[in-house]
Amino acid sequence: MERKPIIAANWKMNNTPKETRAFFEHFTVGKETTETREVIIAPPFPSLEAAAPYCTEQSGIILAAQDIYPKEKGAFTGMVGSELLLELGVKAVITGHSERRHVFHEATELITEKSLFALSKGMKVILCVGETLEERERGQLFDIVEQQLTETADSFDSFNNIIIAYEPVWAIGTGKTATPEQAEEMHAFIRKIVIERYQSEKTPILYGGSVKPANISELMAKPNIDGALVGGASLKPDSFTDIIRYR
Ligand code: PGA
């Protein structure tokens, strides 16, 4: 089934508001590209406002947040809820990222709650799953990914606004990309679950973990890889553009 490729940027704790404006001043991707490639950019919270004027209907670039607290607003010190994000034009949220699972010990219940909340507010959810190196070496990779996926996705009423990102933890920020074969093997496994368990044929499955201009084409050539979630190589306009415009 033909799906529009999705190239998403996760800037993590990088690109200040000033750097964000400089990024977009040099970023030439616009409507002619976003008509055929869905482009999503997730700046850190303080830079969302700087990115917002560039992420419009006209450019077709979709503004995303890296996290959401599952409340509209209120007495939640340090958190960012839906009212703040929606006013800035945020249309998608990343949930279940391995840094949130492992560095911040975010539990499945909260990942599920955040995902459901974002969906209820009309946002897309990029739900990340992926095994650690130890889990892969112990042969538990498929069990772990299935568990992370189903524990949250079993609560979804519909898969309409769901994007899944497979990000093997050992490949994130390490320069070690999963081989296209390793990625495809897991993507095919995820695809089967999504079709058989959730009857969703069209859910996009992105690969993430050291994606760069040099490896995007061979990853995208695999039938079950529908796009990429890019960290380090999305921070600069040139390399992110090269990834978006892969052939
Ligand atoms: P990376 O990060 O491209 O820097 O490996 C990907 C991610 O964590 O989303």
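## Terms and model

Buried means under 20% relative accessible area, exposed means over 50%, and partly exposed lies in between (1.4 Å probe, protein chains only). This is a predicted model, in which local features need pLDDT of at least 70, side-chain atom pairs count only at pLDDT 80 or more, and totals for chains, interfaces and linings use all residues. Residues are numbered from 1 along each chain as its sequence is written, and side-chain values use heavy atoms, with hydrogens and water left out.

Helices (H or I, at least four residues) and strands (E, at least two) are DSSP runs, numbered from the N terminus. Two strands pair if DSSP finds at least two bridges between them.

## The barrel

Eight strands form a closed barrel in the order β1-β2-β3-β4-β5-β6-β7-β8, and the pairing is parallel. From one strand to the next, the twist averages 25°. For that angle, axes are lines fitted to C-alpha atoms (for helices, over the stretch in contact), and angles run from 0 to 180 degrees between N-to-C directions. Strands of a sheet pair through backbone hydrogen bonds, either parallel or antiparallel.

## Strand β1

Strand β1 covers residues 6-10. It is largely enclosed by the rest of the structure, because five of its five residues are buried. Ile-6, Ala-8 and Asn-10 point one way from β1. Ile-7 and Ala-9 point the other way.

β1 has β2 as a parallel partner, joined to it by five bridges. Ile-7 stands opposite Val-39 in β2. Ala-9 faces Ile-41 in β2 as its opposite residue. β1 also pairs with β8 in the parallel sense, over four bridges. There, Ala-8 stands opposite Leu-229 in β8.

Strand β2 spans residues 38-42 and is mostly covered, with five of its five residues buried. Which residues of β2 point the way opposite to Val-39 and Ile-41? They are Glu-38, Ile-40 and Ala-42.

β2 also pairs with strand β3 (residues 62-65) in the parallel sense, over two bridges. Ile-62 in β3 is the bridge partner of Ile-40.

## Strands β6 and β7

Strand β6 takes in residues 162-166, and strand β7 takes in residues 205-208. Three bridges link the two strands in the parallel sense. Ala-165 has Leu-206 in β7 as its bridge partner.

## The ligand site

The ligand is surrounded by 13 residues (one heavy atom within 4 Å makes a residue near). The closest are Lys-12, His-97, Glu-167, Gly-173 and Ser-210. By class, the shell holds four nonpolar, seven polar and two charged residues. Here Ala, Val, Leu, Ile, Met, Phe, Trp, Tyr, Cys and Pro count as nonpolar, Asp, Glu, Lys and Arg as charged, and the others, Gly among them, as polar.

Polar contacts are pairs of N or O atoms within 3.5 Å; within protein, one must be able to donate a hydrogen and the other to accept it, and residues adjacent in sequence count only if both atoms are side-chain atoms. Lys-12 places a polar side-chain atom 2.7 Å from an oxygen atom of the ligand. A polar backbone atom of Ser-210 is 2.8 Å from an oxygen atom of the ligand. A polar backbone atom of Gly-231 also lies 2.8 Å from an oxygen atom of the ligand. The protein covers 95% of the 280 Å² of accessible area that the ligand has on its own. Accessible areas come from the Shrake-Rupley method with a 1.4 Å probe; for residues, only the protein chains shown count as cover.

## Loop residues with positive phi

Most residues other than glycine have a negative phi, and most peptide bonds are trans. Gln-199 has a positive phi, near 50°. This residue sits in the loop between α9 (180-198) and β7. Gln-199 counts as exposed because its relative accessibility is 60%.

Ser-210 also has a positive phi, near 55°. Its loop runs between β7 and α10 (216-220). Is Ser-210 buried or exposed? At 15% relative accessibility, Ser-210 counts as buried.

## Two further loop residues

Gly-232 lies in the loop between β8 (227-230) and α11 (237-244). Gly-232 is exposed, at 61% relative accessible area.

Ser-47 belongs to the loop between β2 and α3 (48-51). Its relative accessible area is 1%, so Ser-47 is buried. The side chain of Ser-47 reaches the backbone oxygen of Asn-15 at 2.7 Å.
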